[in-house]
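Work through the exercises below with the model open. Each task is followed by its solution in steps.

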Amino acid sequence: MKIQSRNSNEAIWQDMFSQANLPAQLETLQELAANLWWTWNHEGAELFRYLDPRLWNLTEGNPVLLLQKLSNQRIEEILSDSALLAQINYVYNQYKSYIEQKPNESKPSIAYFSMEYGLTNILKIYSGGLGILAGDYLKEASDSNIDLTAVGLLYRHGYFTQSLSMEGNQIANYESQDFKLLPITRVMTDAGEPMILDVPFSEHIVHTAVWKVNVGRISLYLMDTDIPENGEWDRNITDLLYGGDWENRMKQEYLLGIGGILLLNKMGIKKQVYHCNEGHAAFINVQRLVDYIQNDNLEFNEALEVVRASSLYTVHTPVPAGHDYFDESLLMKYMKTFPDKLGIGWQEFIDMGRENPGSSEKFCMSTFALNTCQEANGVSLIHGRVSRQMFAPLWKGYFPEELHVGHVTNGVHMPTWTATEFKKYFANIFVKEFVTDQSNDKIWDAIQLVPDSEIWDIRKTLKNKLISYIKEQYRDNWLKNQGDPVKVVAILEKMNPNALLIGFGRRFATYKRAHLLFNDLDRLAKIVNNEKFPVQIVYTGKAHPADGGGQGLIKHIVEISRRPEFLGKIIFLENYDMRLARRLISGVDVWLNTPTRPLEASGTSGEKAEMNGVLNFSVLDGWWYEGYKKGAGWALTEKRTYDNQAYQDQLDAATIYHILEDEVIPLYYAKNEQGYSPEWIQYIKNSISQIAPHFTMKRMLDDYIDKFYTKLTTRSKSLHDNNFREAKDIALWKKEVEANWSKFEVVDFNYGDGAEHPIVGQNYKIKIVIDRKELKSMLGVEAVMLRDNPDNQKDEFLYSMPFKVVAEEGSLLHFELNMVTTEYGRFKVGFRVYPFNDKLPHRMDFAYTKWIAP
């Protein structure tokens, strides 16, 4: 019999996703799941967990996916549970009461731009501290009823999930996000079609889908290029957070900036202040300039006045190398059409991103932000000072201490990062207004009056929850990558809830010095193997895939943790995300931080620990420089002893061992008959009452309003009034000064008898006469005092003393200064002339200076 050929084409498959059909009585759950309000309101999260505890864990706390996976049997059980239905109704009413409150119109309205947002572990559009801060900011803006709209990018793969090889090497796994399974919604047009935003790149159009994340009362809009309307080259723009080469970084920042403003324009959203969270978003001001020029018929310099007056740039990076720089050729490829739109030349455009205009420097996004934003700030007191030093070359006539760059110390969203046990406890012992008045120290003082045992019971509960979480979440992974199941069992068995537990969790960059504790392994082994006073240390953190040094640190720590003397005593937990962070910062006893001074811009993990009665032990850098209080934590001095970093590391490691051996461990184990140390509990009470109130996101947002948003709003309105009359006047004034600045002359300089070698306390009159010539502007003159600083071999700025204008005769200006020296020593004095206009926000706005001499 002849065998017939098999005649069949290739199978055709289509994706199909079946999901639960919720009855009308449970539809409110879908509305709750679609708003991230549940991420910081424990009643919401507990409700979803109770619907199906097993599913809640399997979905990693994703209520959207949980509701889609609910079985018909479980749905019927819920419908027959009157108490559960009542709880659903109660939580929903709480949510609606919250969400329906209107924004506070007495506060400025904000447009906020960031490359990343850390809102929940299930929405992977964050990598670390910058994103977590941005997410916390949106949540607090919601709680504080601020009219804020946020813009970002929706990444298909986001940031990587970390695992470890059997040898301890970091493995970066990029997992695709299915947007249908996340608490986000596609933005639709009035016609009911999915909105597509067309973003003109230099030679073609990039099409973006627009998604909305409801963060309480706040809307976060995310742009997504992974749609069929784009070619493969453009679909990958929003594939990875901080992934790809420099060209992809350019495309992402172009999309965030140019596309972000076009998005707000398309949706009819206008705000009073535009806030760049890092330099990534600086291109927003390019498009805003274009809009004012094209829509309001302003000239470039006039538009620049208006844009600057409503713009704030926040820098999170303490070193120049941490900023984004683009080659001129790459910048031209994407930005070449904008100079014509702005009415300026290419050289003038690129010079806005150069420290030295006219040079061949790369284009720096941070420099461009500083040149197009009226205000700028660092993220802690020390970081503000570091930022002024870092940015000083932009304003060469001024010293770092004189710059306008300020600071707002970072904070954390207390309802998100405070464990439920402490949130409920605080609600019982603090006044009702506590959540809306978090910065009020007096409210937090109530913690001093509660019984020690109550604090200890909560701390024990949180530590046990952490240990249980580690055992449940990491057992299978460890069996895969440890190689020896006996070692895994030993690690799990050695986890001791009665031991002093120290936590270290952060990005594994080399300046974080994760290796510091391993400087003297023999001494460390004695500390962790003391049977009478046991100590365990938990490490976690990711290294950027391109950071070989950071990945090497991880491998080094993993290898040490597997040595017999450290097995079960030093533990590394892979895949540090928001879910693990929340357990860790509430479950350990001590939070350790060891950055290289002064490279910790702020740091917020220790602030999160503060909200949970965890004590900090850190270098006095970043936020801890401001937060540390004796009797409420431990600190290494902010001062360096050695220029040689290796020597400094050895000294700091020895200091850490000493403080652990002589202070931390004895304090923890000074236990009474009830099983706890009263002295330790007093440290916790001091920490909560004296430190925590000052590092909440509520305080941080209030600071931004008080220091920056309000004055930006006021000045921006003034420049908009009367068809931009004041903006046009300032632009014209600057043009006149620029044209005639080199023409004025000093015609008389009378230093005064004895002023060159002054006697302390004696008055010396200095007189100066300046002929402005063609310059019409008013001028200012000041004496600038410097003092020798032998510590850094650099003169130290002391202060400036302004001269008074005592007479004006035609083009002649007569200045006088009564100078009184109040200090002894060796000083330098210089005399500086500058253009004066009381309509300027600060000197750096138009930093023309000329130094003159007698």
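**Exercise 1. Classify threonine 710: buried, partly exposed or exposed?**

Step 1. Take the relative accessible area of threonine 710, which is 35%. Step 2. Apply the classes: buried is under 20% relative accessible area, exposed is over 50%, and partly exposed is in between (1.4 Å probe, protein chains only). Step 3. Threonine 710 is therefore partly exposed. Step 4. Helices (H or I, at least four residues) and strands (E, at least two) are DSSP runs, numbered from the N terminus. Step 5. List the contacts (heavy atoms within 4.5 Å). Leaving out residues up to four places away in sequence, threonine 710 touches Pro108 and Ile705. Step 6. Compare sequence and space: serine 106 is 604 residues from threonine 710 in sequence, yet their C-alpha atoms are 9.9 Å apart.

The model is predicted: local features need pLDDT of at least 70, side-chain atom pairs count only at pLDDT 80 or more, and totals for chains, interfaces and linings use all residues. Residues are numbered from 1 along each chain as its sequence is written, and side-chain values use heavy atoms, with hydrogens and water left out.

**Exercise 2. Find the buried residues of helix 12 and state why they line one face.**

Step 1. Helix 12 spans residues 328-335, and Leu330, Leu331, Tyr334 and Met335 are buried there. Step 2. Look down the axis of helix 12: the buried residues fall within an arc of 110°, so they line one face. The arc is that of the directions from the helix axis to the C-beta atoms. Step 3. Step 4. Identify the cover over these residues, which includes helix 9 (246-266), helix 10 (284-296) and strand 11 (325-326). Helix 13 (338-342), helix 14 (346-351) and strand 12 (363-364) are also among the covering elements.

**Exercise 3. Which backbone angles stand out at proline 598, asparagine 145 and glutamate 278?**

Step 1. Step 2. The bond from arginine 597 to proline 598 is cis, with omega near -10°. Proline 598 lies in the loop between strand 18 (590-593) and helix 25 (605-610). Step 3. Asparagine 145 has a positive phi of about 65°. Asparagine 145 belongs to the loop between helix 7 (129-143) and strand 2 (148-153), and is buried at 13% relative accessibility. Step 4. Glutamate 278 has a positive phi near 85°. Glutamate 278 is in the loop between strand 9 (273-277) and helix 10, and is buried at 6%.

**Exercise 4. How many helices and strands does the protein chain have?**

Step 1. The protein chain has 29 helices and 28 strands. Step 2. Buried residues make up 57% of its 854 residues.
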